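Thank you for sending this model for comment. My remarks are set out as numbered points, to be read beside the sequence and the coordinates.

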Amino acid sequence: MSAHYSDMPAKEKGAWISHHAQKTSAVMNAAAEFPALDAAGKSATLLSQLSSNDETRISAEKVDVFARASGINPRTELPSLLSILQSKRLIDRSSSGEVAILGLTTSATVQHAFEIFEGQAPSKEERASIVLADISSAAPLNYSNASQVISDEFRLSGSETKELLERAERIGFVDGENDGDERILFNGNLFRRDSVTKTKAILSSVTHSESERICELEALLLKHGAIPVSTAEATLSVELFAKLRAAGMYDVNHVINTTGEYGFITRPAAFHKFNDPLSDDAFDLAKALVAALSYGMTQRTESTGRIEVIAALLRKLNAGRTIGPATAIGEDYKVLELKGVIETWPGEKFGHYMRLRKTDIGEMALAVLTTGEAASANAIDRPFSGSMSGFAGPEATRSDFRQKKQSAPSKIQTRDILAVLRTGGGM
């Protein structure tokens with residue numbers, strides 16, 4: 001992968017813009033430090049929520065709901081974001097506030113994110129932050145090497161480069177671990193590309209017993225698509241899973257309901273459809289859909305709408321057909337509705353119906369959940385009950401784990417894993 005901004009495909013830059021905007025939204029004053037990234041990322045998120053497979057019209061009330069769901073202030077931020085989208089001819093607005101929008105895929109949306117970003121007169125530091133994230137996702141690299149690449153390409157002074165790297169790590173554009181007197185920078189998307197090569201490097205660096213356990217877990221993931229965190233920890237050991245998770249080798253997704261959080265893992269490259277898994281699912285929409293469907297396979301009773309044959313259900317959704325009525329649809333898919341992935345409506349007598357708004361997302365979910373043997377209700381255990389009320393994607397859960405829960409010994413082991421990828425991963 002090229003380390004040069006001008007050589008990177010537009011949709012890859014758009015995916016990093018979306019990634020960075022999610023980070024700036026979570027850190028106080030970060031949006032003001034990177035205003036072009038923030039505006040473009042929020043515009044793309046809103047565009048993703050509004051768009052579907054086909055041309056559609058959305059009421060002003062529903063546009064407000066979408067904005068609130070993404071943390072966009074409907075009074076101070078929404079009008080300017082809609083103006084940006086309209087100026088790019090991506091939407092049209094009526095006098096009543098209704099929005100008309102053409103059909104868009106996620107891949108097209110992230111490309112528009114890049115175009116919007118360039119239209120916001122980004123600073124050289126903002127462009128540099130994209131290259132920094134990209135090169136540190138190809139392989140971990142020394143702080144000094146990253147500094148050299150960034151300063152050379154963007155003509156930043158030593159002090160400007162140092163400040164950018166510090167800000168990038170503070171906000172979460174990249175992660176860092178000390179390795180003696182040197183600091184290693186890496187990105188949580190390490191295993192979305194060249195995953196086979198990187199996994200082989202890890203297997204060659206661990207003990208024979210650990211290698212066998214990692215291979216066993218890989219086989220489970222290939223068979224079921226998604227498995228509980230508890231299964232992963234039992235297979236690897238809590239300690240081994242922790243150090244590999246922190247390095248980004250596994251994606252941990254959290255489903256949230258009234259009784260707690262339920263974690264399940266997927267392979268970072270599992271959502272690779274035709275092109276780049278980073279840009280194909282830049283907003284974690286396929287991961288959220290897999291979470292909701294896995295929840296429906298394992299947490300629901302037959303009477304409330306438990307999913308028995310996931311492949312048949314997804315193929316029906318992907319064909320544009322309606323599912324329902326079922327009680328679970330009205331309770332477990334609210335997160336997906338707010339992300340613009342599905343739409344639901346009440347049945348005449350009971351339950352709700354739903355249809356898929358984004359076929360590209362449904363196709364990725366189908367590929368993940370039916371890899372190897374088709375997933376079944378017996379593939380995942382049942383730790384709690386209740387309706388699904390929230391979802392936290394892998395980057396959010398990985399960052400939270402590294403910052404709040406990972407032990408000092410585990411961080412040292414993660415550093416060792418990063419060192420292997422830096423020197424022996426073949427990148």
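1. Confidence. The model is predicted, and its pLDDT averages 84, with 83% of the residues scoring at least 70. Over residues 372-386, however, the pLDDT is below 50, although this stretch has 44 contacts in the model beyond near neighbours in sequence. Where pLDDT is low, the predicted coordinates should not be read in detail.

2. Overall make-up. The protein has 427 residues, of which 55% count as buried, and its secondary structure comes to 21 helices and 13 strands. Among contacts between residues at least 6 apart in sequence, 72% join residues at least 24 apart. The accessible surface comes to about 17600 Å², and 49% of this surface belongs to carbon and sulfur atoms.

3. Helix H4. In helix H4, which spans residues 60-69, the buried residues are Val63, Asp64, Phe66 and Ala67. These residues lie on the same side of H4, because they cover an arc of only 160° around the axis, whereas Glu61 and Arg68, on the other side of H4, are exposed. An α-helix has 3.6 residues a turn, so residues three or four places apart point the same way. The buried residues of H4 pack against helix H3 (35-50), strand S1 (56-58), helix H5 (78-87), strand S3 (99-101) and helix H18 (334-338). After H4 comes Gly71, which has a positive phi, near 75°.

4. Helix H5. What is buried in H5? The buried residues are Leu78, Leu81, Leu82, Ile84 and Leu85, and they line one face of the helix, because they fall within an arc of 155° when seen down the axis of H5. Their packing partners are H3, H4, strand S2 (91-93), S3 and helix H6 (106-118). H5 is followed by Arg89, whose phi is positive, near 60°.

5. An edge-to-face pair. If rings are paired when their centres lie within 6.5 Å, the count comes to five aromatic pairs. In one of them, Phe34 and Phe173, the ring centres are 5.1 Å apart and the planes stand at 75°, so the pair is edge-to-face.

6. A stacked pair and a cluster. The rings of Phe241 and Tyr250 have centres 6.0 Å apart and planes at 25°, so this pair is stacked, and both Phe241 and Tyr250 are buried. Elsewhere, ring pairs link Tyr5, Phe114 and Phe154 into a cluster. The charged end of Lys13 sits over the ring of Tyr5, at 4.3 Å from the ring centre.

7. Lys11. The C-alpha atom of Lys11 is separated by 9.7 Å from that of Ala282, which is 271 residues apart from Lys11 along the chain.

Terms used: Residues are numbered from 1 along each chain as its sequence is written. This is a predicted model: local features need pLDDT of at least 70, side-chain atom pairs count only at pLDDT 80 or more; totals for chains, interfaces and linings use all residues. Side-chain values use heavy atoms; hydrogens and water are left out. Buried means under 20% relative accessible area, exposed over 50%, partly exposed in between (1.4 Å probe, protein chains only). Helices (H or I, at least four residues) and strands (E, at least two) are DSSP runs, numbered from the N terminus. The arc is that of the directions from the helix axis to the C-beta atoms. Contact means heavy atoms within 4.5 Å. Rings of Phe, Tyr and Trp (its six-membered ring) pair if their centres lie within 6.5 Å; planes under 30 degrees apart count as stacked, over 60 as edge-to-face and the rest as tilted. A charge sits over a ring if NZ of Lys or CZ of Arg is within 6 Å of the ring centre and within 35 degrees of the ring normal. pLDDT is the predictor's confidence in each residue, from 0 to 100. Accessible areas come from the Shrake-Rupley method with a 1.4 Å probe; for residues, only the protein chains shown count as cover.
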